[in-house]
Amino acid sequence: ANSEDKSAIPSLLPIDAALRRLERLLLRDTAPPASSSSASDPVGSSTVPVTAEYVATTGGGARAVRRFLSHPFAAAARTYADTKGPSAVAECMDRLLPGRPSISWVRDSGARMSSAMQMDGPVDAANSSDEPPSEQPNPIALSVVSEAEAYLLGLAVHSLWRSGEHASALELSAKAVACVSSALGTDVRTGHSLSPLLGRLYRYRSLAASGLGMSEVASVDGLHREHAVAHRMACLRNDKECQATLLNLMLQYLLSKNLGEFPCL
């Protein structure tokens with residue numbers, strides 16, 4: 001009987017499961033504190049609305065994201081995305097983040113990658129994709145849509161980089177960084193939930209640029225000038241997460257070029 005009950009429960013694809021885990025962590029760790037007078041009725045007791053701004057800027061948001069990124073669900077989702085390609089990420093976005101403009105960016109990158117794979121050889125249709133859930137799942141909560149979108153864009157960029165599509169990864173990462181930076185804005189409060197995800201995007205973007213090789217030195221050098229400007233902006237908005245990541249990337253550039261000082265600072 002127990003085995004039959006377990007088989008009746010619909011299984012989530014790794015990316016969907018990871019995204020639901022991120023949603024739960026953010027909503028739990030950023031939940032407004034309940035008032036002392038509502039101990040008997042904890043549900044709906046808080047008068048503070050759980051908005052996107054509240055989730056992003058309360059202290060628990062960044063901690064929840066960092067904890068999620070080290071969770072096995074996140075590792076399984078990244079492995080799945082690397083294996084299936086960005087098209088699997090786009091399908092997840094269709095299910096859980098419907099209507100987001102970034103879906104077309106990821107889908108176009110996946111289409112170009114699939115075309116390149118078909119030119120190299122036939123694709124096994126039986127193993128090209130897994131069966132999605134039969135029922136249409138509920139979308140991600142509106143208060144954590146920006147974090148979910150930033151995370152999925154990072155998965156797509158990493159998938160393109162691991163498959164050797166460095167130019168496509170660099171192009172998608174530029175759109176992803178602009179999208180997340182726009183959502184982050186100029187908020188100067190520490191602990192923003194988007195900060196760890198933006199830092200990862202900058203790191204993946206640097207990996208994609210480095211993978212282009214010496215034939216694209218101009219792009220690599222231009223990217224590090226971009227890092228210098230982004231580091232200044234991170235300092236202005238007191239974004240310690242991105243400051244640390246960008247500083248490390250700039251130091252790597254100095255070491256690779258054997259330079260004593262960074263020319264843009």
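I take buried to mean under 20% relative accessible area, exposed over 50%, and partly exposed in between, with a 1.4 Å probe and protein chains only. By that cut-off G61 is buried, since I read 0% relative accessibility for it.

**Ground rules.** I am working on a predicted model, where local features need pLDDT of at least 70, side-chain atom pairs count only at pLDDT 80 or more, and totals for chains, interfaces and linings use all residues. Residues are numbered from 1 along each chain as its sequence is written, and side-chain values use heavy atoms, with hydrogens and water left out.

**Overall fold.** I looked up the secondary structure of the protein chain and found 12 helices and zero strands. Helices here are DSSP runs of H or I with at least four residues, strands are E runs of at least two, and numbering starts at the N terminus. I then checked burial: 42% of the 265 residues count as buried. The accessible surface comes to about 13900 Å², and carbon and sulfur atoms hold 54% of that. These areas are from the Shrake-Rupley method with a 1.4 Å probe; for residues, only the protein chains shown count as cover.

**Contacts along the chain.** I count a contact when heavy atoms lie within 4.5 Å. Among contacts with a separation of 6 or more, 76% join residues 24 or more positions apart.

**Helix α4.** G61 sits in this helix. I checked its C-alpha distance to V144, 83 residues away along the chain, and got 9.8 Å. F68 is in α4 too, which spans residues 60–69. F68 is buried at 0% relative accessible area.

**Aromatic pair.** How many aromatic pairs does the structure hold? I found one. It joins F68 and Y151 edge-to-face, 5.0 Å centre to centre with 80° between the planes. The rule I used: rings of Phe, Tyr and Trp (its six-membered ring) pair if their centres lie within 6.5 Å; planes under 30 degrees apart are stacked, over 60 edge-to-face, the rest tilted. Y151 lies in helix α8, so the pair ties together parts that are 83 residues apart in sequence. Y151 is buried as well, at 4% relative accessibility.

**Cavity.** I searched the whole structure and found one cavity of 30 Å³ or more. A cavity is a set of points, on a 1 Å grid over the protein atoms alone, where a 1.4 Å probe fits but cannot get out; lining residues have an atom within 4 Å of a point. The largest cavity holds about 50 Å³, a volume being the space filled by probe spheres set on the points. Its lining is A150, Y151, G154, L155, L197, R200, L201 and Y204. I sorted the lining into six nonpolar, one polar and one charged.

**Helix α6.** Why is α6 largely enclosed by the rest of the structure? Eight of the 11 residues in 86–96 are buried, so the helix is largely enclosed. I listed the buried ones: P86, A88, V89, A90, C92, M93, R95 and L96.

H158 is in helix α8 and is buried at 5% relative accessible area. H227 lies in helix α11, residues 217–236, and is buried at 0%. Not counting residues up to four places away, H227 touches Y202, S206, L246, L249 and M250.

Key. 1 Å grid on protein atoms, 1.4 Å probe; cavity = no way out; pocket = protein on both sides within 12 Å on 5 of 7 lines; lining within 4 Å. Nonpolar A, V, L, I, M, F, W, Y, C, P; charged D, E, K, R; others polar.
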